[in-house]
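User: I am new to reading protein models. Could you take me through one, feature by feature?

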Amino acid sequence: MEFKDYYALLEVDPSADLKAIKTAYRRLARKYHPDVSSEKDAESKFKEMAEAFEVLKDSEKRAEYDLLRQHRDDPRFSQPPPDYSHERGHRQGSQSSHGDYSDFFESIFGRQAAGGGYRRASHGAVPVRGQDLEMEVPLFLEETLQSESRSVSYSLPVFDVMGRQTDEVAKTLKVKIPAGVVDGERIRLKGQGVAGINGGANGDLYLIIKIAPHPLFEIDGHNLQIVVPLTPWEAALGASVQVPTLSGKIALTVPAGSQNGQRLRIKGKGLAGKSSTGDLYAILRIVMPPKGDDKIAELWRELANQAAFDPRTQWEEK
């Protein structure tokens, strides 16, 4: 069925207001009225203009037509209703006494009822689902250990039936962020996106978790890593060192003879997961003290003589 452009028939822009539409209709009606016009096909043109004016003067009908016009290239919008008969030119089982309206008009709005009312066709206003929205939610690592309730504010665009944004409204939700979320995780809030059109479902809001960088910890999945600086004698003799975790400091036992870069596992002090909690890995880094006085230098020389240790023996040729 051929699409009818009611705006083109009345020679007005789709953004024209009601006053402009009425003015255009009166002008063209005088030109094509069958009783006074000498134009070719005046009667059929007059009927087309009257049909266009019938739709565009009514805000509800116009909104429904504008939606169809916007999506006229979509096959879902261009198909006639299931009970429409091309052969009979109207819905099966109906006998419209209003022959001045086209098949196109009746395929949208139904046959005319007495008194100028109309029965809207079930397919006339096609439900359109609202858009989904996304927004980032920043979290500190400490906040991932347990469920957090927080307020989330965002702007919700408002669209008219032609898909144009006409306004935006501020919206605030109280959201529970579950424990164990990870960087980049998406949390879906059903129906909290843009409102649907013509009874269509609302879109969803997706919260994208963004974990803020931490000054001490590196993230490796649900595990954490922290660099633990040691003096040479702590590494050589062993020590008990206070190490930060997300839930407070703990005492870490460093074995005697520990090496630079060695990893010590601290079980259960990583990030919360859905089934288990990750671990914290302490990475040992031996740090030399600043240059001391002659007495300190002498002690280092004595240690060198007593230890007689060469870390480069693997370079010797065999």
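Analyst: We will go from the whole chain to single residues.

User: What should I know before I start?

Analyst: This is a predicted model, where local features need pLDDT of at least 70, side-chain atom pairs count only at pLDDT 80 or more, and totals for chains, interfaces and linings use all residues. Residues are numbered from 1 along each chain as its sequence is written, and side-chain values use heavy atoms, with hydrogens and water left out.

User: How many helices and strands does the chain have?

Analyst: Start with the rule. Helices (H or I, at least four residues) and strands (E, at least two) are DSSP runs, numbered from the N terminus. Here the chain has eight helices and 13 strands.

User: How much of the chain is buried?

Analyst: Buried means under 20% relative accessible area, exposed means over 50%, and partly exposed is in between (1.4 Å probe, protein chains only). Of the 318 residues, 35% count as buried.

User: Which residues have the most contacts inside the largest nonpolar core?

Analyst: In soluble globular proteins, nonpolar side chains tend to be buried together. A nonpolar core is a set of buried Ala, Val, Leu, Ile, Met, Phe, Trp, Tyr and Cys residues joined through side-chain atoms within 4.5 Å. The largest one here has 37 residues. Y154, I177, L205, L207, I209 and V228 have the most contacts inside it. Apart from it lies another core, of 19 residues, with Y7, Y25, F46 and L56 among them.

User: What does Y154 touch?

Analyst: Contact means heavy atoms within 4.5 Å. Leave aside neighbours within four places in sequence; the contacts of Y154 then include L133, M135, V169 and L205.

User: How do I read a pair of aromatic rings?

Analyst: A pair of aromatic rings is described by the distance of the centres and the angle of the planes. Rings of Phe, Tyr and Trp (its six-membered ring) pair if their centres lie within 6.5 Å; planes under 30 degrees apart count as stacked, over 60 as edge-to-face and the rest as tilted. By this rule there are three aromatic pairs. One of them is tilted: Y7 and Y65 are 6.1 Å apart, centre to centre, with 45° between the planes. Y7 lies in helix α1 (residues 6-10) and Y65 in helix α4 (residues 59-70), so the pair ties together parts that are 58 residues apart in sequence. Ring pairs link Y6, Y7 and Y65 into a cluster.

User: Are Y7 and Y65 buried or exposed?

Analyst: Y7 counts as buried, at 1% relative accessibility. Y65 is buried too, at 0%.

User: Why does the length of helix α8 agree with its residue count?

Analyst: The expected span of a helix is 1.5 Å times one less than its number of residues. Helix α8 (residues 294-307) has 14 residues, so it should span 20 Å; its end C-alpha atoms are 20 Å apart, which agrees.

User: Where is E11, and what is its phi?

Analyst: E11 is in the loop between α1 and α2 (18-32). Its phi is near 60°, a positive value in a residue other than glycine. E11 is exposed, at 51% relative accessible area.
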